[in-house]
Amino acid sequence: MNAAAWAGRYVERFGFALTPLEGKLPYRKAWNTDPKLIRDAAQARRHWRARPADNIGAVLEPSGLVSLDADYPDAARAVLAAEGIDLEALIATTPTIIGRAPRSRLEFKAPAVPLSKKAIAWPPRTKGEKPITVLELRAGRHQDVLPPSIHPDTRQPYTWRTPPREGFPPLPDALLALWQDFDAFKHRARNLCPWADPEPESIRPDRREWKPHTGPSVIRAFNEAHDAVAILEAHGYVRAGRKRWKSPHGHNMAGVVLLPNGRVYCHHTSDPLGDEKAHDAFDLFALFDHGGDTRAAVRAAAQALGLNKGRAAPGAAK
């Protein structure tokens, strides 16, 4: 089909609100306002018959769409995998557009809640370069380029890798959750960047309340005598950079990072450490050697440190 036939089909079959594009950009003034949108199939065919070189854009919100744009596929795949989302599985079941391969844009039916455009970016690899856009969560009155538009860089047509034969599926709950808690997601994704130091401000405070008491602090003494990294590596975590480790639990990305305060933090929710807390040496000792039983870990640490004569409660101040 030519551009005119595609444009008519997009409106007729899927109810899209279209705008003509020059390359990737709209050229009409007030292009995303209701009076300027092309929502009639006959009008769409007439426009692209008269201007076949125009690319076709769907304005997301009035078209009932949102999209996931994987601009940097390897990184996007890793960032989403850390959140329990399989990008390739989504592509296989979601209408997906290819503009400049291997980049992919997945189109979903918009949820009932309002969403706005968001982007995950990693810092430049070297000074003077631009930040790298890993992925975009696209919504609102922004445009998505549709096949058979011509990509301005490759001069090749956009294509449907996975065509929308049965329409567009709802946005998965897992993606909606990332969208709605985007600030936290953005920091977790930023801390997966292999060439950048982790951001400590992205780490949520440890929610445990340690009550001070008059006896010696077993936990403090343990932390002064032990190194979190040594305990981590003793339990199979493999160093993959100056401040990063790979988990022994089947993750390809180095999702464990060392923070400036000496604690470690894990981005993989399926990892035993992936509980949104930063962990010191005693935390690791309690988790790995005592199944998370803090009282048992305190007793064992007190015995190892020769502190049995003191009455240290498990809730001793650190």
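I will go through the nonpolar cores and the aromatic pairs of this predicted model.

Overall figures to begin. The protein has 318 residues, and 46% of them are buried. It contains 11 helices and 14 strands. Of the contacts with a separation of 6 or more, 64% are between residues 24 or more positions apart. The accessible surface is about 15,800 Å², with 50% of that on carbon and sulfur atoms.

Now the cores. The largest nonpolar core has 32 residues, and Leu68, Leu135 and Leu175 have the most contacts inside it. At least two residues each come from β4, α4, α5, β6, β7, β8, α6 and α7. Another core lies apart from this one; its 24 residues include Val11, Leu65, Val145 and Leu146. Take Leu135 for detail. Beyond its neighbours within four places in sequence, Leu135 touches a set of residues including Leu68, Asp69, Ala76, Val79 and Ile120.

Next, the aromatics. There are 13 aromatic pairs. How is the pair of Phe16 and Phe168 arranged? The ring centres of Phe16 and Phe168 are 5.6 Å apart and the planes meet at 45°, so this pair counts as tilted. Phe16 sits in the loop between α1 and β1, Phe168 in the loop between β10 and α6, and 152 residues separate them. Both are buried. They also belong to one aromatic cluster with Trp6, Tyr10, Phe14 and Trp160.

A further pair, Phe222 with Phe282, is edge-to-face, at 5.9 Å between centres and 80° between planes. Phe222 is in helix α8 and Phe282 in helix α10, 60 residues apart. Phe222 and Phe282 are buried as well.

Definitions and conventions
Residues numbered from 1 in each chain as written. Predicted model: local features only at pLDDT ≥ 70, side-chain atom pairs only at ≥ 80, totals over all residues. Heavy atoms only, no water. Core = buried A, V, L, I, M, F, W, Y, C linked by side-chain atoms within 4.5 Å. Buried < 20%, exposed > 50% of the residue type's maximum accessible area, 1.4 Å probe, protein only. Helix = DSSP H or I, 4+ residues; strand = E, 2+ residues; numbered from the N terminus. Contact = heavy atoms within 4.5 Å. Areas by Shrake-Rupley, 256 points an atom, 1.4 Å probe, with all protein chains shown as cover. Phe/Tyr/Trp six-rings, centres within 6.5 Å; stacked < 30°, edge-to-face > 60°.
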